[in-house]
Amino acid sequence: MPRVSDEHLAARRQQITDAARRCFLRDGFHNTSMQDVIREAGLSVGAVYRYFPSKYDLVTAIAQSVIGGAEQVFAELARNEPPLPLTEVLDRALTYVDSQTGEDGVLRLAIQVWSEAQRDPALAEFVRATYSSFRNHFVVIARRAHEAGELPADADPEAVGAALFGLVPGYYMQRVLTGSPDRATFLAGVRALLGGLGPAPR
């Protein structure tokens, strides 16, 4: 029997997760069965279960895809040279959010992932570790801003980083649930609330 290539296996796995994502976006996690995913993927039962023995395995895989892009964006913001002003950091983070909150945007699944994490301890640990990593990137950003003199001398970078990161899920939760505010309005509100953290992004 010829050996199946790694590329074929990866493509088949992607086919299944794409089908699951469409189902989850359309019907939600709890209203989607493995049979729904199998039909959506157009594959046999055995082919799907070979990669994902249960719906929870699929949910975890989808969760990983949801956060993968954000991890890369936030890590790059933390490494940027020279360090970006905090309002520019937030603007770029929210620009990414805007790109992922359309009808088929992966961040629409994030709220469902949060809900599932309340039921599944393994998924809860994954979410905890992931969001802790996100927050740590913003702590690094705040620490660099503190060193650059952008923050008051007595500011705690840990606290600033946690608060700054908290604005990101707060923004996309509002966008997903209500369709507003837009990014410019949100950023204007942040600057007004905090008394300004440097010049407004161009």
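The model is predicted: local features need pLDDT of at least 70, side-chain atom pairs count only at pLDDT 80 or more, and totals for chains, interfaces and linings use all residues. Residues are numbered from 1 along each chain as its sequence is written, and side-chain values use heavy atoms, with hydrogens and water left out. The protein has nine helices and zero strands.

**Overall fold**

- Along the sequence the pattern reads α-α-α-α-α-α-α-α-α. Helices (H or I, at least four residues) and strands (E, at least two) are DSSP runs, numbered from the N terminus.
- The C-alpha atoms fill a box of roughly 65 × 35 × 35 Å along the principal axes.
- Of the 202 residues, 40% are buried. Buried means under 20% relative accessible area, exposed means over 50%, and partly exposed lies in between (1.4 Å probe, protein chains only).
- Take the contacts (heavy atoms within 4.5 Å) between residues at least 6 apart in sequence: 65% of them join residues at least 24 apart.

**Surface and charge**

- The accessible surface is about 10,800 Å², and 54% of it belongs to carbon and sulfur atoms. Areas come from the Shrake-Rupley method with a 1.4 Å probe; for residues, only the protein chains shown count as cover.
- There are 21 positive and 24 negative side chains, and the centres of the two sets lie 4 Å apart. Lys and Arg count as positive, Asp and Glu as negative; His and the chain ends are not counted. Each charge is placed at NZ of Lys, CZ of Arg, CG of Asp or CD of Glu.

**Annotated region**

- An unreviewed UniProt entry annotates residues 33-52 as "DNA-binding region". UniProt positions follow the numbering used here, feature names are shortened, and annotations may be inferred rather than shown by experiment.
- Residues 33-52 are 75% helix and 0% strand, with end C-alpha atoms 13 Å apart.

- Arg175 sits in helix α8 (residues 157-178).
- Arg175 counts as partly exposed because its relative accessibility is 23%.
- Beyond neighbours within four places in sequence, Arg175 is in contact with Asp98, Ser180, Pro181 and Asp182.
- The Arg175 side chain reaches the backbone oxygen of Pro181 at 3.3 Å.

**Cis peptide bonds**

- Ser180 and Pro181 are joined by a cis peptide bond, with omega about 5°. Pro181 lies in the loop between α8 and α9 (183-194).
- Glu81 and Pro82 are also joined by a cis peptide bond, with omega about -10°. Pro82 is in the loop between α4 (55-79) and α5 (86-99).

Note on methods: Polar contact = N/O pair within 3.5 Å; in protein donor to acceptor, adjacent residues only side chain to side chain.
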